[in-house]
Amino acid sequence: MTIKNTTSGYGWAAIALHWLMALGIFFLFGLGLYMVELTYYDPWYRGSLDLHKSIGMVLLLVWFARLVWRWMNTSPAPVGTPVEQKAAHWVHVILYLMMIALFVTGYLISTADGRAISVFGLIDVPAIGYAFENQEDIAGTIHWGLAWTLIGLVGLHAAAAVKHQFIDKDNTLARMVRPQDES
Amino acid sequence: MKKLLASAALALATVFSVQANAADYQIDVDGAHAFVQFKIKHLGYSWLLGRFNTFDGQFSYDAAAPEKSSIEVVIETASIDSNHAERDKHLKGEDFLNVKKFPKAVFKSTKFDVKDDNNAVVTGTFMLHGVKKEISFPVQKIGEGKDPWGGYRVGFEGKTTLKLADYGITYNLGPASTHVEVHLYVEGIRK
C-alpha cells in the first residue's frame, strides 16, 4: 500500500484527493447549471442550493489538504519535453487558482448579506464582516465565468493526459490511477 | 453676445425662481426620509417585505392648489434589498427585474384628483421592466411645516398594488403571489 508519492508515480493519498476533487468539481458544475433552472415550486429548489454550497465548502477543505499533501511530499518526475513540462506546470497552477477563486466567489455570493454558509447543517462558515456594493451579482458573474473556464481547462488537462498515455506511452494517466512500481 | 448670454441667464434664473415659488420639493433621499417598499405574499402563508435602497425624485405641492401637484420618482432597480443576498441576486436577474436591461423604474404623475385637504388620487405612468402602464392610487399627506434646521418639509405616503404579469414578470411564485404591493413614503424638502 503506497500512501505517499514516489519519483515514479503518485501514492494513494494524492490519487484519492485528485479523483475526489474531479468528482466534486464535475458534480458541482452539473448541479450548478441545473439548480438555477429549477422553478420555485420544485421540491429541490432549496435543497439543491444547500447541497451545492455544502459540497463547495467541503471541497475547499480538500483543496487545502491536497496542497499541503503536495508540499509535504515528493512529486513524481515530470515527463515530456521541457515545453510540455512547463505547460503542464502552468495549467496545474491555473487549475488550483481557479478552484480557489471559485470557492471564494461562491462564498461571497452566499455571504453578501452577512449570512453564514451552513455545511450540511453541521457547521456554519461565517461571513466576513465586510461586503462590497452588489457583491452577490459581481461574485455571481465571476463564479459563472470561472466555472465554464475551469471545465474547459479540465478538458485540456484530461486530453493532455490521454495523449501522453496512449500516444506518447509515458504512463501519465496510469500514474494517476494507481501507484507505479519504483523503477 | 455677452448681452445675449446675460439676458439668457437672467431669463433662466427667473424661470427657476418662479418654479421655486410654486413649491418644488426635493425628496429627501440624502437624509433617507423616504422609502420605497414592497410586500408580496410568500406561498400565500405570510408576507415577504423588501425595499429599493436607491431612488430619487421631486414633487410639486401647494396646499392652496393641491390639484396642481406633480411627482416624479426614479428607482434604481438594482438596489432591491430583501435582506437575503441569494434572493436579491435572483430578483435582479432575468427571471424578475432584469436590472441589466431595465436599470430604472420610473413613476411620473399626470393628474391629481383631490379628495380633501389631505387625500388625493394620483394618476400617472409607471415604467417597470421596460413596460409603461397608467396607474392610479390614493395618496395621503402626513404633514408639513418648518423643520428645526431652517428648511421646510412636507411628507406623503401612497400605496398601490401591481400585477407582476402586467409588467412582463411571469416567473411562477405561486397563485397567491401574482401581485405585489408597493408602498411609497416620501418627505420633500422645499427647494
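In chain A, among contacts between residues at least 6 apart in sequence, 66% join residues at least 24 apart; two residues are in contact if their C-beta atoms, placed from the backbone, lie within 7 Å. This is a predicted model, where local features need pLDDT of at least 70, side-chain atom pairs count only at pLDDT 80 or more, and totals for chains, interfaces and linings use all residues. Residues are numbered from 1 along each chain as its sequence is written, while chains are lettered from A and ligands numbered from 1 in the order in which they are written.

**Chain A at a glance**
- Chain A has five helices and two strands, and along the sequence they read α-α-α-β-β-α-α. Helices (H or I, at least four residues) and strands (E, at least two) are DSSP runs, numbered from the N terminus.
- Its C-alpha atoms fill a box of roughly 55 × 35 × 30 Å along the principal axes.
- Of the 183 residues in chain A, 17% are buried (20 or more other C-beta atoms within 10 Å of a residue's own, with C-beta atoms placed from the backbone).

**Where A meets B**
- Chain B puts 11 residues into the contact, and chain A puts in 11 residues.
- On the chain B side, that's three nonpolar, four polar and four charged residues. Here Ala, Val, Leu, Ile, Met, Phe, Trp, Tyr, Cys and Pro count as nonpolar, Asp, Glu, Lys and Arg as charged, and the others, Gly among them, as polar.
- Helix H4 (residues 135-166) of chain A and helix H2 (residues 85-92) of chain B have axes that come within 9 Å and cross at roughly 75 degrees. Axes are lines fitted to C-alpha atoms, for helices over the stretch in contact, with angles running from 0 to 180 degrees between N-to-C directions.
- H4(A) and H2(B) are therefore roughly perpendicular (65 to 115 degrees).
- A:Glu136, A:Asp137 and A:Gly140 in H4(A) meet residues of H2(B), including B:Asp88 and B:Lys89.

**The buried face of H2(B)**
- B:Ala85, B:Asp88, B:Lys89, B:Leu91 and B:Lys92 are buried in H2(B).
- Down the axis of H2(B), the buried residues fall within an arc of 165 degrees, so they line one face of the helix. The arc is taken from the directions from the helix axis to the C-beta atoms.
- They pack against helix H3 (82-110) and H4 of chain A, plus strand S6 (80-81) of chain B.

**Strand S11 of chain B**
- Strand S10 (residues 152-163) of chain B pairs antiparallel with S11(B) over 11 bridges (pairing takes at least two DSSP bridges).
- B:Gly158 has B:Leu184 in S11(B) as its bridge partner.

How values were computed:
Angles under 35 degrees count as roughly parallel, over 145 as roughly antiparallel, 65 to 115 as roughly perpendicular and the rest as oblique. A residue is buried if 20 or more other C-beta atoms lie within 10 Å of its own, exposed if 12 or fewer, and partly exposed in between; C-beta atoms are placed from the backbone.
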